[in-house]
Amino acid sequence: MALTTYVKGRAYDWSHAIGRASANGTGFNFPQTMCLGNNSDLYVANRGNENTFAMRVNHIKIGGPGEEELLAEFATYGEGDGHSVWPFGVAVGKNGDVYVTDEWKNTVSVFDANGKFIRKWGSLGSGPGELKGPAGIVCEASGNVIVVDAGNNRLQVFTPEGKLLAQCGKSGSGEGEFNKPWGIALDKDGNIYVADWKNHRVQKLSPSGKFLMAIGKYGKVPVASNAFAVTYLGPFISGGLETEHVPAGVLNHPTGVAVDPDGDIYVTDWGNHRLCIFDNEGRPLTHLVGDAQVMSKWGQQSIDANPDMMKAYRRVTNLEQLWRFCFPTAVVFHPKTDQIIVADSQRNRLQVYNKVRDYVEFQANL
């Protein structure tokens with residue numbers, strides 16, 4: 001793929017990657033969801049696994065290429081207060097408090113901006129205010145918190161202290177119904193966008209939970225005849241363009257969603273290993289497949305410290321599988337910098353694109 005994608009007056013320019021595989025410190029371990037802080041910082045929830053026990057939330061400074069910096073880690077593995085077992089969603093309130101859902105413990109834990117545990121709420125169940133495998137989470141401008149109660153196929157709205165205020169949704173495939181919902185986002189008007197994972201769509205709801213629009217339909221990216229297999233190690237690879245001819249607007253288990261100030265909608269198309277972009281009416285614009293052809297700063301530090309790693313890297317015959325997305329799980333749009341940040345989960349990194357607003361086409365006759 002080209003490093004710059006231009007479509008309908010919009011340019012998406014690959015900037016840089018952030019991260020490497022790491023059980024702690026300057027890296028990630030299966031990043032699950034993300035959210036922006038209030039100071040152009042980023043919080044990343046790491047799923048980890050039972051081999052690494054790298055479950056945690058990273059608090060990082062972003063910025064331009066090479067400017068990333070680890071600020072803190074918290075919600076590390078454990079059963080007690082202030083720890084997590086299967087961290088999933090992460091959100092930041094207007095006062096800087098950080099909310100983290102735990103799919104295993106069926107709780108929402110609250111931390112201050114520096115990662116100090118404050119309180120928690122939640123218990124397993126299907127009754128009002130109870131949770132079953134909570135997933136994404138987002139904070140409204142009012143300070144209230146919307147939790148994707150994935151196991152109960154609904155959204156629940158709580159006060160910052162955990163008092164239930166409202167709920168919407170039920171199991172199904174109709175308007176306003178869900179089947180294992182995952183990520184959630186708000187637009188500038190407070191409308192709610194939910195990645196409806198097993199219904200292969202994103203649903204847009206009003207601030208009160210009324211159905212407004214469905215985005216996307218089920219479809220798989222065709223696998224080229226000369227492709228490697230799709231495995232947990234990475235997506236298929238093809239030397240030609242056969243894999244890029246995909247019906248517009250199809251999604252395969254979407255996981256994350258974000259909306260920019262122009263109303264454009266970004267969806268991590270998990271099962272198709274790409275980021276899909278739609279306009280504010282839900283019409284497909286384009287998709288990005290990952291373009292990390294330059295090593296991240298933290299990844300380069302690993303290679304510099306281990307010459308054998310570089311030897312192995314230089315013997316790879318096709319690096320395309322390394323720079324493409326592999327099961328991307330989340331996306332956020334930074335309105336102050338116009339950065340599109342994608343959690344490239346199986347690669348244990350973030351890929352950053354810029355939405356270029358003053359892009360001028362080059363002169364082909366020079």
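Modeller: Let us begin with a strand and a pocket. E25 gives the most to the lining of the largest pocket, with six residues. Keep in mind that this is a predicted model.

Colleague: Which strands each supply at least two residues of the lining of the largest pocket?

Modeller: The space in the largest pocket is about 1,100 Å³. Its lining has 45 residues, and the closest to the centre are Leu36, Val138, Cys139, Leu186 and Phe333. The strands that each supply at least two lining residues are E3 (31-36), E7 (87-92), E11 (134-139), E15 (181-186), E21 (254-259) and E25 (328-334).

Colleague: How many residues of that lining are charged?

Modeller: The lining of the largest pocket includes 24 nonpolar residues. A further 14 are polar. The charged residues number seven.

Colleague: Which helices each supply at least two residues of the lining of the second largest pocket?

Modeller: This pocket holds about 680 Å³ of space. Of its 26 lining residues, Met295, Tyr313, Leu322, Arg347 and Arg349 lie nearest the centre. By class, the lining has 16 nonpolar, seven polar and three charged residues. The helices that each supply at least two of its residues are H1 (297-305), H2 (307-314) and H3 (320-323).

Colleague: Back to E25. Which strands stand at the edges of its sheet?

Modeller: The sheet is open and has five strands, in the order E1-E2-E27-E26-E25, with antiparallel pairing. Two of these strands have a single partner each, so one side of each is left without a neighbour in the sheet. Those edge strands are E1 (4-7) and E25.

Colleague: What does the twist average from one strand to the next in that sheet?

Modeller: Take the E1 end of the order E1-E2-E27-E26-E25. E1 and E2 (residues 10-18) run antiparallel and are joined by four bridges. Tyr6 has Ala11 in E2 as its bridge partner. From one strand to the next, the twist averages 25 degrees.

Colleague: Is Gly9 buried or exposed?

Modeller: Gly9 is found in the loop between E1 and E2. The cut-off for exposed is over 50% relative accessible area. Gly9 has 57%, so Gly9 is exposed.

Colleague: Which element gives the largest share of the largest nonpolar core?

Modeller: That core has 18 residues, and those with the most contacts inside it are Tyr12, Tyr266, Leu275, Leu288, Val331 and Ile340. Two or more residues each come from E2, E23 (274-278), E24 (284-288), E25 and E26 (339-344). The largest share is three residues, and it comes from E2.

Colleague: Now E9. How many of its residues are buried?

Modeller: E9 spans residues 107-111. On one side Thr107, Ser109 and Phe111 are buried, and on the other Val108 and Val110 are buried, leaving both faces covered. In a regular strand the side chains alternate between the two faces of the sheet. The count of buried residues in E9 is five of five.

Colleague: Which residue in the turn between E8 and E9 has a positive phi?

Modeller: E8 (residues 98-102) pairs with E9 in the antiparallel sense over five bridges. Val98 stands opposite Phe111 in E9. The two strands form a hairpin with four residues between them. The turn residue with a positive phi, about 55 degrees, is Asn106.

Colleague: And which residue in the turn between E9 and E10 has a positive phi?

Modeller: E9 and E10 (residues 117-121) pair in the antiparallel sense over four bridges. Val110 has Arg119 in E10 as its bridge partner. This hairpin has five residues between its strands. The turn residue with a positive phi, about 90 degrees, is Gly115.

Definitions and conventions
Residues numbered from 1 in each chain as written. Predicted model: local features only at pLDDT ≥ 70, side-chain atom pairs only at ≥ 80, totals over all residues. Heavy atoms only, no water. 1 Å grid on protein atoms, 1.4 Å probe; cavity = no way out; pocket = protein on both sides within 12 Å on 5 of 7 lines; lining within 4 Å. Points joined across faces, edges and corners; volume = space filled by probe spheres on them. Nonpolar A, V, L, I, M, F, W, Y, C, P; charged D, E, K, R; others polar. Pairing = 2+ DSSP bridges. Axes fitted to C-alpha atoms, helices over the stretch in contact; angles between N-to-C directions. Buried < 20%, exposed > 50% of the residue type's maximum accessible area, 1.4 Å probe, protein only. Core = buried A, V, L, I, M, F, W, Y, C linked by side-chain atoms within 4.5 Å.
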